[in-house]
Protein chains: 2
Amino acid sequence: MKRQLFDFSDSLSTMAKERLESSAIGEMIKLVVSNKAISFTAGEPSSELLPVEQLKEAFKGVFDDPAKLCYYWSDLGHIELREWICDWMRKDGLSAKWVKPENIMMTCGSQEGISFAAEAFIDPGSYVLVENPTYMETLLSFRKQGATCIGVPIDENGIIIDELKKIIEQKKVRMLYTIPNFQNPTGYCTSRERREKVIELLSEHGIPILEDDPYHYLSYDKETPPTYMSLAGDNACVIYLGSFSKIVAPGLRCGWMVLPDQIVSKIISLRVNANLSLPILVQDGLFNMLQKIDLEAHINDLRDVYRKRRDDLCAAFEEYIVPLGVRINKPEGGFFIWGNLDGIPDMFEFAKYAVKEFKVGVIPGSVFFVPGTSDQSAIRFSFAKVDKKNAVEGAKRLVAAINAYPKNN
Amino acid sequence: MKRQLFDFSDSLSTMAKERLESSAIGEMIKLVVSNKAISFTAGEPSSELLPVEQLKEAFKGVFDDPAKLCYYWSDLGHIELREWICDWMRKDGLSAKWVKPENIMMTCGSQEGISFAAEAFIDPGSYVLVENPTYMETLLSFRKQGATCIGVPIDENGIIIDELKKIIEQKKVRMLYTIPNFQNPTGYCTSRERREKVIELLSEHGIPILEDDPYHYLSYDKETPPTYMSLAGDNACVIYLGSFSKIVAPGLRCGWMVLPDQIVSKIISLRVNANLSLPILVQDGLFNMLQKIDLEAHINDLRDVYRKRRDDLCAAFEEYIVPLGVRINKPEGGFFIWGNLDGIPDMFEFAKYAVKEFKVGVIPGSVFFVPGTSDQSAIRFSFAKVDKKNAVEGAKRLVAAINAYPKNN
């Protein structure tokens with residue numbers, strides 16, 4: 001029998017005692033795995049779409065230089081990779097004139113960038129703005145630093161300007177976090193017009209923007225609007241988060257942050273404190289691969305596959321669950337279909353029921369809302385890993401689950 | 001010309017404004033590189049001692065399973081690697097009976113474990129105990145969370161018990177951070193007797209111990225004493241930090257934390273917030289290598305090389321700089337020789353002078369002390385990357401620098 005006598009409860013910080021929450025999505029995904037269910041849960045790339053052979057080849061080169069297995073001299077990360085990103089962003093019109101490789105820091109996925117921004121901008125009690133609903137782990141990171149997250153209502157065109165205006169006229173806000181393209185969880189894409197108005201309004205109030213853009217290249221119908229960073233230009237009020245997770249592989253944990261000059265040294269200090277540096281060998285393997293792969297062609301292939309998956313799942317939903325009263329939003333990019341179904345008193349309970357009883361997994365939309373504003377009718381469906389056969393079978397299982405589940409009267 | 005108009009100063013957190021400091025060691029190392037100096041600065045393994053070929057071979061296997069390029073299902077990290085570590089620690093007597101793979105979390109170097117512990121145990125204003133002097137980046141991480149670090153005096157046998165007693169009787173302390181074996185920067189090794197007394201004393205006061213043990217296997221003269229974790233046993237008051245940085249390669253950024261049950265879920269939340277997960281492909285490559293390498297033989301080889309380097313540098317110092325009044329401590333393990341030289345008013349200024357004028361780099365000891373307690377006479381010398389020729393030449397350059405530097409009168 002194992003015994004542990006020491007009591008840590010007197011030693012814990014307020015953060016550890018009061019501000020840490022576990023990920024409800026992680027819980028649902030574990031249920032999906034243990035129930036061997038058809039999964040509409042995970043917002044991650046399909047493993048057969050990863051450039052495995054190219055990565056395998058590219059990583060061989062890493063070991064030719066033992067320095068790649070040592071500490072790295074730049075706190076910002078792999079210099080050639082940062083130069084590559086800088087050129088690529090400029091070529092694609094994503095960045096602003098002031099962006100140099102010295103403004104780019106490699107991160108362990110976008111999440112690390114979110115975490116650093118939370119530390120740099122949030123004091124206990126600070127107000128921060130997020131789209132409502134938004135990416136759940138951002139809510140967790142902001143609350144960990146003690147923030148009160150204020151949800152800005154959004155529609156198909158993104159942040160609703162009048163609502164934003166009302167909030168920032170009433171409260172001193174530290175920053176706005178936004179996923180402008182094919183937002184997680186709604187799939188909404190913020191229009192260019194709205195982006196311009198958001199910048200204008202926030203700049204008047206001196207509020208910086210944290211632009212999280214992992215789905216930028218996963219557009220299926222038309223071009224994505226210009227980034228906040230490019231629209232803001234010399235008014236460098238934007239911190240941009242980019243990621244290779246959706247277009248190369250999430251397991252590389254390679255994202256990046258574009259940082260205005262004023263905050264570079266702050267974020268470098270956070271990097272050194274957090275972990276000294278990331279494994280440079282991973283960045284080097286990725287850099288080697290980017291020299292050889294036709295990334296544009298690779299992204300076009302991804303778009304073709306994901307576009308078809310979106311269409312197939314939307315078609316299956318139209319046929320099977322829309323007739324039961326489910327309303328769905330067909331997104332123009334990304335991984336997510338946002339749905340609503342009235343009459344379910346607690347969508348989390350329904351999701352657990354559906355996965356256990358009917359072997360189909362969905363994410364209850366409530367987890368993406370700031371506290372006190374939950375929409376119990378909301379559901380998030382991911383099509384990233386769903387082929388046509390599973391789309392139809394999953395939709396049928398949802399029909400069975402909805403029909404069998406006790407309704408609100 | 002690049003212009004950035006937005007002003008971030010109103011948006012920054014107290015942490016960003018007041019609690020972040022840059023690494024003075026990093027500054028010295030950059031000076032060493034730019035001056036092409038002989039370096040006694042870096043506490044990192046020599047690159048020719050890394051098992052490069054074995055790693056190259058081991059990483060090929062990673063790409064056979066695309067799942068290793070995706071998100072990983074366990075928040076704690078690579079399951080087989082954690083099982084391997086658990087067995088290894090048990091076999092070597094490092095752990096306690098209660099330690100299972102579920103108590104082990106992989107970290108991005110020991111630094112990430114230090115950072116997580118700082119978040120879990122420190123509130124602004126909290127008192128934490130550190131050996132004085134100690135690893136500088138720990139001081140930075142603790143201060144980032146708002147701690148007041150209290151330095152416990154140490155001697156060749158580690159923490160001085162009476163001094164520890166005085167402090168904890170006066171102040172409510174959140175934890176003790178200690179590097180028991182071949183401490184950075186002093187090279188001191190805490191005796192078994194002192195370890196037992198520290199545990200007894202701290203347990204009476206309910207204070208947990210953060211045991212940072214990267215140099216455990218780098219002992220050159222005799223066996224290292226039992227770990228705090230093993231001595232504490234069922235009184236599970238210890239969080240243990242292990243690392244592959246010194247015995248395999250620092251660039252893998254693979255360390256681990258051994259966590260008592262009560263705090264596992266807290267640290268998992270910190271992991272998810274920080275970066276969702278580390279790149280599992282690196283842990284998988286390391287695990288593959290550990291299956292094939294004779295780690296014990298590899299460690300013995302390292303010991304032979306570093307023992308000789310220690311002896312060579314100590315001999316060179318005895319011949320050249322000891323006659324000038326430098327006192328040195330010959331360590332029984334690790335990477336560092338701790339020295340003192342009286343009569344230098346500001347050792348940081350001397351270190352900059354020596355690297356610029358005489359092309360020899362040392363770390364001023366003052367950076368390792370808690371604020372207000374600096375010992376200006378202290379110097380840290382690393383022998384990790386220094387062969388016999390550079391030991392002699394570096395010692396001669398130090399003689400020239402000491403002789404040329406304006407003395408205190």
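Modeller: Strands here, like helices, are DSSP runs numbered from the N terminus, with at least two residues in state E for a strand and at least four in H or I for a helix. This is a predicted model, in which local features need pLDDT of at least 70 and side-chain atom pairs count only at pLDDT 80 or more, while totals for chains, interfaces and linings use all residues. Residues are numbered from 1 along each chain as its sequence is written, and chains are lettered from A and ligands numbered from 1 in the order in which they are written.

Biologist: What makes E13(A) and E14(A) a pair?

Modeller: Two strands pair if DSSP finds at least two bridges between them. E13(A) and strand E14 (residues 378-382) of chain A have two bridges, in the antiparallel sense, and therefore they meet that definition. Within E14(A), Ile379(A) is the residue opposite Pro364(A).

Biologist: How many bridges join E11(A) to E14(A)?

Modeller: Strand E11 (residues 336-340) of chain A is joined to E14(A) by five bridges, and the two run antiparallel. Here Ile337(A) has Phe381(A) of E14(A) as its bridge partner.

Biologist: Why is E14(A) described as largely enclosed by the rest of the structure?

Modeller: A residue is buried if 20 or more other C-beta atoms, placed from the backbone, lie within 10 Å of its own, exposed if 12 or fewer do, and partly exposed in between. Five of the five residues of E14(A) are buried, so the strand is largely enclosed. Both of its faces are covered, with Ala378(A), Arg380(A) and Ser382(A) buried on one side and Ile379(A) and Phe381(A) buried on the other.

Biologist: Why is Ala378(B) called buried?

Modeller: Ala378(B) has 22 other C-beta atoms within 10 Å, and so it is buried. This residue lies in strand E14 of chain B. Two residues are in contact if their C-beta atoms, placed from the backbone, lie within 7 Å. Apart from neighbours within four places in sequence, Ala378(B) is in contact with Trp338(B), Asn340(B), Met347(B), Gly365(B) and Ser366(B). Ser366(B) is 12 residues away along the chain, and its C-alpha atom is separated from that of Ala378(B) by 6.5 Å.

Biologist: Is Leu76(A), which sits in a loop, buried or exposed?

Modeller: Leu76(A) has 21 other C-beta atoms within 10 Å, and therefore it counts as buried. The loop that holds Leu76(A) runs between helix H3 (52-60) and helix H4 (79-91) of chain A. Beyond residues up to four places away in sequence, Leu76(A) touches Arg82(A), Glu102(A), Ile104(A), Met105(A), Met106(A) and Ile268(A).

Biologist: What makes the radius of gyration of chain A agree with that of a compact globule?

Modeller: The radius is taken over C-alpha atoms, and the globule rule is 2.2 Å times the number of residues to the power 0.38. With 409 residues the rule gives a value near 22 Å, and chain A has 22 Å, so the two agree. Buried residues make up 58% of the 409 residues in chain A, and its C-alpha trace spans about 65 × 60 × 50 Å along the principal axes.

Biologist: Which elements of chain B give two or more residues to the side that touches chain A?

Modeller: The contact takes 84 residues from chain B and 82 residues from chain A. Among the elements of chain B on that side are helix H1 (14-19), strand E6 (173-178) and helix H10 (261-275), and H10(B) gives the largest share, 11 residues.

Biologist: What is the span of helix H12 of chain B against the one expected?

Modeller: Helix H12 (residues 295-320) of chain B has 26 residues and reaches 37 Å from its first C-alpha to its last, close to the 38 Å expected at 1.5 Å a residue, where the expected span is 1.5 Å times one less than the number of residues. Its buried residues include Tyr306(B), Leu313(B) and Phe317(B), and what covers the buried residues of H12(B) includes helix H14 (388-404) of chain B.
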